[in-house]
Amino acid sequence: MAVKTFSRDHLHFVLYEVLGMEEVTAHEYFNGHSRETFDMILEAATELAEEYLQPAYRAVDREEPQLSDGQVKVHPLVHKFYHAYTESGLMAATFPNEWDGQQLPRTIAAAVQFILSSANNSFVMFTDLVKGVANVLLQFGSEEQKALYLPKLLSGQWAATMCLTESQAGSSLSDITTMAVPAGEAAYHIKGQKIFISAGDQDITENIIHLVLARIEGAPAGVKGISLFIVPKNRPGADGKLVPNGVESIGIYHKMGQKATPAMHLEFGGSGTCVGYLLGEANRGLQYMFQLMNSARLEVGLAGVSVASLAYCTSLQYARERVQGRRADAKDPNTPPAPIIQHPDVRRMLLIQKAFTEGTLALILQCYKYLDLLKVSEGPQKQHYLDLLELLTPVAKTYGSEEGNRSVYQALQVLGGYGYTTDFPVEQIARDARIFPVYEGTTGIQSIALLGRQIPQNNAQAVDLWSEQVMPDIQVALESEALQLYADQLNQSIEAWKSVTGLLLRIREERGNEAYLANATLYMQLFGILNVAWQWLRMATVAEKALSGSTVTTERKDFYHSKIQTMKFFYNYELTKCKVLCEQLTSEEQLSVYNPEAEILI
Amino acid sequence: MKILVCITNVPDTTAKITFAESDTKLNKTGIQFIIGPYDDYALARAVELKEQNGGTVTVLNVGEAEGEPQIRKALAIGADDAIRVNAEPTDSYFVASQIAHIAQQNNYDLILMGRESIDFNSGVVHGLVGEMLGIPSFSPVMKLDIEGSTAKFAREIDGGKEYMEAPLPLVFGCQEPIADWKIPNMRGIMTARTKPLQVVEPVAVDDMAINEKYTQPAAKGECKMIPVEDVEKLVTLLRTEAKVL
């Protein structure tokens, strides 16, 4: 029997009662869908997870992919999943009908992703990369490139990767050195090495399409001289047969977690000619790649929530079954021991997980809903959703991954000594989760993107843009006697955030970027908490309204009551941290700023 | 070839079962319903046979409107159309009578269903349907091929398998591994919305059984760990407490 990895009730609550997916399906592009199709798709995803993902989770952790004679072999269970996934049609689901897609809203695709990742987070990296690369090709590829690559990718016949990182550059993409030398008709000879390439090699598909960032010979220095190239592992020869394209697997990393997915060190054009094909215009590669990166960032945030969901479900079940100790007021030693779920400290740890998992899932699905509305909007309205996504994507990525780790930490603690053993999956979840704050842009990079770029641009317009989204929900909650107190608390915290933002922007003008950005990660924490508090207020408002209905069943009353109480928990235990964060952010003593004349780190 | 697949609408295997109306009915609140797992195998084999031999697959469910998502799922898996007999399935005789009534009007070559449902587990509906239609029925069938107008199949028997063949029409109660379990794909889900689902009223059938009361199984007792060197104590407990010796 499959162990629960997520709450179906909560997922449906967010999709149908909080987000209101009918706002999306009202648009012609999405009107082939309805709740009926959504439910069937979510159930199919659950079956896929139960059949191919969950049973494989532990096994693939013990048998890493192997690099032998220049070829990577991945676990047979990854093959089984990849083929089942492509047969399910999910690879092309969000793509337009003309590419054999079903125009599924990204919000529902994200819910599918949440279900799959909660069962096995590393398998889905293979398929996510294919979808992401196909999306970039759809947006920026030439008609010939689309015709050649999209059918192969969307059918799963070929897989794909993105190749950004180089050993000497790391997160600093402006320093990459992979070169592209013109070789006629939009073709280039690619030469260089890339590291940490997820699913960079495997033995599932006959070909892998790498999207590679490189500099065309003579291009300007820095990010303005980076172009994007399509580099197949095997290129079609004159007779149509695939021939090796000078892409070599020269190393495989032995990772702490996510062991099903090989992280590769690849060399392009090292011992043979490697041909790449320019995607879009020269020197605009980073801009194109960011389309893929932004999508990947939301997926990483979602993965953080997904693994936290698995850890929460596991620790909740354990706490219900594990009988140990007595309640604090039970003086009689003959009193039977209590399930540990009755102990307040264990409950606190479980509530941290519940509040994070459910609140952050709502935030990330909200972002995906903006993506859907962006797809069907024009003019200023399109720019509105674009601005919201630019602002919230780094927050979704960072809060989901950082707090996801903290949530998993609580699950480990609930299991006590057993959590540290391989008898339970939580130790594996903890190892898997640790990569999320690192890849697709570290927490530091995301925080600098938020405070350094999104907040100050256009006279800090983002502050008003975000507030305009939140204030209507606060106003509604202020009208509820039961929620007024919490709406007021959120309102005050937002005012404090605005005040801190103003102060920081003055520091930027007066003391420069280094002082301004020194505590960008704390600013990210503050803004993340505000966002999830906003989502909790929305959910509590829906729950409060539903409870006043006359037809609500006893079971449903318990469900809605639980939502309101968890909102209160989040406000008591998390929103209150805003005060301290505001104090830290406005402290005069900026101890982390480098001062060569008085170095602290000695 | 015309195939009829009968599906049940049963609580998910992980559902917590409680009763309502003075313990005379299942409390359906909050329960996730699924297609009976054995019926799922029957449906999967029917779809495979249609792909191999051509023909049609019709899904039949005796149940109320709340079961329509499961019928749509069966259509998404590959059935061509569906019939729902609009009635609460009260007992095996009632369900078999409804199936037989529909089958009499449509001349199916094959009538497939699970070897049993997983709620009441009577395991007799296929036999009753065969009897009512005057055609042979076999269960539990774990392998099935069609050659012309002949079915070649394997049935599980005590200690092994029985390989048989018989001319169509036939009724089969199915179980794994008759086919690979199928998960609906995106294309199937999108087309299922527009496939025909006919709702018909039940034929009158005399009540053959009345459910007076349901009870939960007794809660599991505490697990006692007996040290390996204390076999005598184990034997004593098996005699005095478990009373199995």
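**Charges, cysteines and salt bridges in a predicted model**

Chain B carries 24 positive and 35 negative side chains, and the centres of the two sets sit 5 Å apart. Here Lys and Arg count as positive and Asp and Glu as negative, with His and the chain ends not counted; each charge is placed at NZ of Lys, CZ of Arg, CG of Asp or CD of Glu. This is a predicted model, so local features need pLDDT of at least 70 and side-chain atom pairs count only at pLDDT 80 or more, while totals for chains, interfaces and linings use all residues. Residues are numbered from 1 along each chain as its sequence is written, chains are lettered from A in the order in which they are written, and side-chain values use heavy atoms, with hydrogens and water left out.

As for its build, chain B has six helices and 13 strands (DSSP runs numbered from the N terminus: H or I of at least four residues for helices, E of at least two for strands). Its C-alpha trace spans about 65 × 45 × 40 Å along the principal axes. Of the 245 residues in chain B, 42% are buried (under 20% relative accessible area, with exposed meaning over 50% and partly exposed in between; 1.4 Å probe, protein chains only).

What about disulfides, meaning pairs of cysteine sulfur atoms within 2.5 Å? The count over all chains is zero. For Cys582(A), the closest cysteine sulfur belongs to Cys578(A) and is 6.3 Å away, too far for a bond. Cys174(B) has Cys6(B) as its closest partner by sulfur, but at 10 Å that is again too far for a bond. Cys174(B) is buried, at 0% relative accessible area, and Cys582(A) is buried too, at 11%.

Glu143(A) pairs with Lys146(A), the closest N and O atoms being 3.3 Å apart. Both residues lie in helix H8 (residues 143-154) of chain A, three residues apart, or about one turn of the helix. Glu143(A) is exposed at 55%, whereas Lys146(A) is buried at 13%.

In chain B, Lys224(B) bridges to Glu241(B), with the closest N and O atoms 2.9 Å apart. Lys224(B) lies in the loop between strand S13 (197-200) and helix H6 (231-240) and Glu241(B) in the segment after H6, so the pair ties together parts 17 residues apart in sequence. Lys224(B) is partly exposed, at 47% relative accessibility. Salt bridges with shared partners also join Arg45(B), Glu48(B), Lys143(B), Asp145(B) and Lys182(B) into one network.

Definitions and conventions
A disulfide is a pair of cysteine sulfur atoms within 2.5 Å. A salt bridge is a side-chain nitrogen of Lys or Arg within 4 Å of a carboxyl oxygen of Asp or Glu.
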